[in-house]
Amino acid sequence: MDKFKNMLKPKPNPQQLLRDWQRKLRQECRNIERQIRDVQREEKSVQKAIREAAKRNDMGSAKALAKEIVMSRKAVNRLYENKAQLNSISMHLGESVAIARTVGHLSKSAEVMKLVNNLMKAPQMATTMQEFSKEMTKAGVIEEIVNDAVGTALDSEDIEEETEEEVNKVLSEIAGETAARLPEAVRKERARVPTQRETTSHQEEAIAEGADDEEELEEIRARLARVRS
């Protein structure tokens, strides 16, 4: 009986589909904006931790945190790219609906298909865009997308190895002249001998208040990873 009712249920017209899709796209854009704000807010606390570590001449922790900032900024750039592509999808869908008013049905859009396919490669967008692609395939806007692209998507989204130059640039930006001593400080760190453990234990008292304590450093990394995901 339910199947019979569904057969009698009128199909949504192109304008209705467009409103539904654009509402979903706007929601996804708001989600991205919120995620960007979360990452940028977390970055401020990491910048403070870098300055504190640099003051203690703990350039090892400062460098590790600077690398996290490099990764976060790249993640933010990708989020902005995702948002721009969502807006492009909305624009092209609007054009498709305008054409549908003339021809009486929705036509396939190569641009929309390309954009949806690109977004399916983004881990944060993959699930949402798979559902979106099913709806638009059913409506005739795009052809069915083979999911093997999603299988390789995660590799394309892996954050590439940060270069020494990028990390040192962030250190210079945040810690200023203190970061210029990084190479020497790192060498001194590696050259420490067991007899220096007493000195290290005193430093750990200061570390408890700062961000270079190993547990706190890992906590900061975990927070950044959560807001980037």
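This is a predicted model: local features need pLDDT of at least 70, side-chain atom pairs count only at pLDDT 80 or more; totals for chains, interfaces and linings use all residues.
Residues are numbered from 1 along each chain as its sequence is written, and side-chain values use heavy atoms, with hydrogens and water left out.

I will start with the salt bridges. By a salt bridge I mean a side-chain nitrogen of Lys or Arg within 4 Å of a carboxyl oxygen of Asp or Glu. The general idea is that side chains of opposite charge can pair when their charged atoms come close. The structure holds 9 salt bridges, and I would like to take you through a few of them.

One of them joins the side chains of R73 and E43, with 2.8 Å from N to O. This pair links distant parts of the chain, since R73 sits in helix α3 and E43 in helix α2, 30 residues apart. When I say helix, I mean a DSSP run of H or I with at least four residues, just as a strand is a run of E with at least two, and both are numbered from the N terminus. R73 has a relative accessibility of 26% and therefore counts as partly exposed, whereas E43, with a relative accessible area of 11%, is buried. E43 and R73 also belong, together with E173, to a network of salt bridges.

Another salt bridge is formed by the side chains of K83 and E33, at 2.6 Å from N to O. Because K83 lies in helix α3 (residues 59-103) and E33 in helix α2, this pair ties together parts that are 50 residues apart in sequence. E33 is partly exposed, at 29% relative accessibility.

What separates R23 and D20, whose side chains also meet in a salt bridge? Here the N to O distance is 3.1 Å, and the two residues are 3 residues apart in helix α2 (residues 14-55), so about one helical turn separates them.

Between α2 and α3 there is a loop, and N57 lies in it. The phi of N57 is near 60°, which is a positive value in a residue other than glycine.

Let us now turn to helix α5, residues 126-139, which has 14 residues and reaches 20 Å from its first C-alpha to its last, close to the 20 Å expected at 1.5 Å a residue; the expected span is 1.5 Å times one less than the number of residues. Which residues of α5 are buried? They are A126, M129, F132, S133 and M136. These residues cover an arc of only 120° around the axis, which puts them on the same side of α5, the arc being that of the directions from the helix axis to the C-beta atoms. On the other side of α5, T127, K134 and K138 are exposed. After α5 comes G140, whose phi is positive, near 90°.

Finally, a search of the whole structure finds 1 aromatic pair. The ring centres of W21 and F132 are 6.4 Å apart and their planes stand at 40°, so the pair is tilted. For the cut-offs, rings of Phe, Tyr and Trp (its six-membered ring) pair if their centres lie within 6.5 Å, and planes under 30 degrees apart count as stacked, over 60 as edge-to-face and the rest as tilted. W21 is in helix α2 and F132 in helix α5, 111 residues apart, and both W21 and F132 are buried.

Terms used. Buried means under 20% relative accessible area, exposed over 50%, partly exposed in between (1.4 Å probe, protein chains only).
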